[in-house]
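Dear colleague,

I am handing over the structure below, together with a short account of what was found in it. Please read the notes with the structure open beside them.

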Amino acid sequence: MLAGFLEEFPIAKLEIDLVSKWEILENGGFGDSWGVTKSFNTQEISIFLNSDALSSSSIMFISTILAHEMIHAEMYRKVASVPNGPQGADLDTFQYNFPGLYEYYRKYKDWSHEAMARHYRYQIKNFIRAIDIATNGSDANNSIYDDLSWTALDGTSAWKNTLTAEQKSDILNTLTNEEFKGKCN
Ligand SMILES: [Zn+2]
């Protein structure tokens, strides 16, 4: 995922930082988020991971946040590649170059999460699986990868419309377990 970002379209520079003093970023405006992706201009996209919020999370949970933020970065890069983007983007060019993403941009205020929930969760799962293999030597946690891929997407229409109440509750349980796994050990 990251290699593709760097090689395919060298239009933007991606920076990933692990931040221990989260509150210094934007005067604490990021709240208690696990991570955030910001495009400061069309050339620079930065991902910040909140080391305080993730201090007791499992490796798989942290991987999920990184994958989630990298997909935001990839989407922002696409928008930034459109003339006059990100703000005031040339919408005809956006529609022509990225028809799928444009539909979400046009339809939803929270377009990046809506598109992520519908089309990018498999990428998140593959990323978590790769990290699990690298750290545990096994990819036996398939249902956990699937649950984790919903992290921060529980406000989307895909979450609301494609899952039963029981599935939602099971997923949220997994997320809480993985988020606070370190505290149980
Ligand atoms: Zn997000």
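**A pair of helices, then the sheet**

In this predicted model, helix α4 (residues 99–107) packs with helix α5 (residues 111–119) at an angle of about 130°, and their axes lie 8 Å apart. The crossing in which α4 passes α5 is right-handed. On the α4 side the contact is made by Leu101, Tyr104 and Tyr105, and on the α5 side by Trp111, Glu114 and Ala115; sorted by class, this contact has five nonpolar residues, one charged residue and no polar ones.

As for the whole protein, there are ten helices and three strands, and from the N terminus on the elements run α-β-β-β-α-α-α-α-α-α-α-α-α. The three strands form an open sheet with the order β1-β3-β2 and mixed pairing. Its edge strands are β1 (13–19) and β2 (35–41), each of which pairs on one side only, and the twist from one strand to the next averages 20°. Strand β3 (residues 44–50) runs antiparallel to β2, and six bridges join the two; Asn41, for its part, has Glu44 in β3 as its bridge partner.

Of the 185 residues of the protein, 34% count as buried, and among the contacts with a separation of 6 or more, 65% are between residues 24 or more positions apart.

Terms used
Residues are numbered from 1 along each chain as its sequence is written. This is a predicted model: local features need pLDDT of at least 70, side-chain atom pairs count only at pLDDT 80 or more; totals for chains, interfaces and linings use all residues. Helices (H or I, at least four residues) and strands (E, at least two) are DSSP runs, numbered from the N terminus. A residue is buried if 20 or more other C-beta atoms lie within 10 Å of its own, exposed if 12 or fewer, and partly exposed in between; C-beta atoms are placed from the backbone. Two residues are in contact if their C-beta atoms, placed from the backbone, lie within 7 Å. Two strands pair if DSSP finds at least two bridges between them. Axes are lines fitted to C-alpha atoms, for helices over the stretch in contact, and angles run from 0 to 180 degrees between N-to-C directions. A crossing is left-handed if the near helix is turned anticlockwise from the far one by less than a right angle, and right-handed if clockwise. Ala, Val, Leu, Ile, Met, Phe, Trp, Tyr, Cys and Pro count as nonpolar, Asp, Glu, Lys and Arg as charged, and the others, Gly among them, as polar.
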